[in-house]
Amino acid sequence: MYVIWWNIGKLCFESDTEPYALARDKKVSDFAMASGIEVFTPVSHTLFDPADIINKNGGRPPLTYQSFIAIAGEPPAPIFEEYSELPPVGDTGEYELLPVPTVEELGYGDISQEEIPPFRGGETEALRRMKASLQDKEWVAKFEKPKGDPSGFLKPATTVLSPYLKFGCLSSRYFYHCIQDVYRSVRNYTKPPVSLSGQLLWRDFFYKVFFGTPNFDQIKGNKICKQIPWSENEELFVAWRDGRTGYPWIDAIMIQLRKWGWMHHLARHSVSCLLTRGDLFIHWEKGRDVFERLLIDSDWAINNGNWLWLSCSSFFYQYHRIYSPITFGKKYDPNGNYIRHFIPVLKDMSREYIYEPWTAPLSIHKKAKCIICKDYPKPVVDHDTASKECRKRMGEAYASNRLDSNSSKGKPSNLSRRKWSHGDHGASNSSIAKLLRTSRSE
Ligand SMILES: Cc1cc2nc3c(=O)[nH]c(=O)nc-3n(C[C@H](O)[C@H](O)[C@H](O)COP(=O)(O)OP(=O)(O)OC[C@H]3O[C@@H](n4cnc5c(N)ncnc54)[C@H](O)[C@@H]3O)c2cc1C
């Protein structure tokens, strides 16, 4: 009906490659095409078109960053046309314009007493923020992940452009192009994977892998995910989720997540490692869900990809390398300013005990007005014992995955004979699952 009223001839929308969006958009496209409407859905959310990269790689997603870079080449240039206004949307007298929903209507209750996160939305803010970061050419040229201070909160050590990229306030191609401009104006600069442009390539890398990997967001039926028998422990999980593990470094990060919706990359490493292979041995999907709900940059491909990575379920396999919930943060912030900000009850704890308050004598607790077990919890697990046990269980899980993969070796893969297009993933996840069934073993 609306199609006839509005006399629509062409429908344009950005291609969204997440499985849910593909299935939804296919319904819209099918309906439009059946009504004689031309449909145009360019890929502009990522640097490259995932289907192109998979086709170039013989029908399978590149599973390492290096192989992705080797295939990808330079991303297409961004479009530079600027529009100061949008064409009118027909005669609006016919339609009711709905108001923007309130925070309460979105299900967040009363937030009037909460700390306001320092990030503002919108394209203008995204461009301002990007320009401010790129103005410091030396900083851009020397940018090197994983160097950088995860405890920096007044002035974060990275760009904090992830929420803007996620919501399309900032084009990743435009950002990439502007970084290249900076590189052209300096003598030396860092290179991928550690450079700033390398970070945008990581983003694209995860988009490419998930596009060619059925069930990327779960352990079940996911060919690139190690089968690890994670344990269930609701009490430990809730302590982690709510920032009540008794390890101030970990709790401060989880509280920053709840309050600000953003934390530094290495802070995310610390808490995801502790939840999974580091200490608690809890399923990465549970942590992923918490991040998905609370991050303001929550992104299906990147979030799942990084949880697979940090839990040593895929991409990264050095499970014996575990972040200490005590010494890791201390290296960057010996005075514990980050902890004091996000956990006010610890603000007067002496510097000596700020990372392990349970080891302080009662006199120190009293002086800091923070009694352990009353005002702040004691650790939910002993890190030394728990991490040792985790290493053992990871070793056993890896050994049994090796056995499984050896027994399925030698089966042919039919992936490489296939051409990929956008429609593939959403159209039939299960048919792709069948195609991929014999694709990979570690
Ligand atoms: C467990 C875990 C979950 C994560 N979940 C998300 C998520 O849901 N959304 C998200 O955008 N990032 C996620 N990340 C990746 C990374 O932590 C953030 O992209 C980064 O911290 C955002 O800060 P920034 O914009 O200042 O990054 P910068 O260092 O300034 O990098 C610029 C951009 O590069 C991209 N980028 C940087 N690091 C990565 C990475 N490791 N993987 C993919 N892209 C990257 C982001 O788009 C980022 O905005 C996760 C990391 C971990 C360990």
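View 1. At 57% relative accessibility, C373 counts as exposed (exposed is over 50% relative accessible area, buried under 20%, partly exposed in between, with a 1.4 Å probe and protein chains only). K369 lies in the loop between helix 17 (362–367) and helix 18 (383–407) too. K369 has a positive phi near 55°, and is likewise not a glycine; its relative accessible area is 66%, so K369 is exposed. Helices here are DSSP runs (H or I, at least four residues), numbered from the N terminus. This is a predicted model: local features need pLDDT of at least 70, side-chain atom pairs count only at pLDDT 80 or more, and totals for chains, interfaces and linings use all residues. Residues are numbered from 1 along each chain as its sequence is written, and side-chain values use heavy atoms, with hydrogens and water left out.

**View 2. Around the ligand.** The ligand is surrounded by 30 residues, the closest being T158, T159, V160, H265 and D297 (a residue is near if one of its heavy atoms lies within 4 Å). For polar contacts (pairs of N or O atoms within 3.5 Å), look at H265: one of its polar side-chain atoms is 2.7 Å from a ligand oxygen atom. A backbone N or O atom of D297 comes 2.8 Å from a ligand nitrogen atom. Taken alone the ligand exposes 830 Å², and the protein buries 99% of that (Shrake-Rupley areas, 1.4 Å probe). Helix 9 (196–211) is among the elements giving two or more residues to the shell, and its six residues are the largest share.

**View 3. Helix 11, residues 248–260.** Of its 13 residues, 11 are buried, so helix 11 is largely enclosed by the rest of the structure. Those buried residues include W249, M254 and W260. They pack against several helices, among them helix 10 (234–241) and helix 13 (284–294) (contact means heavy atoms within 4.5 Å). Just after the helix, G261 takes a positive phi of about 75°.

**View 4. Two cis peptide bonds.** The K145 to P146 bond is cis, with omega near 10°, and P146 lies in the loop between helix 6 (137–142) and helix 7. Another cis bond joins P192 and P193, omega about 10°; P193 is in the loop between helix 8 (172–184) and helix 9.

Methods
Expected span 1.5 Å × (residues − 1). Polar contact = N/O pair within 3.5 Å; in protein donor to acceptor, adjacent residues only side chain to side chain.
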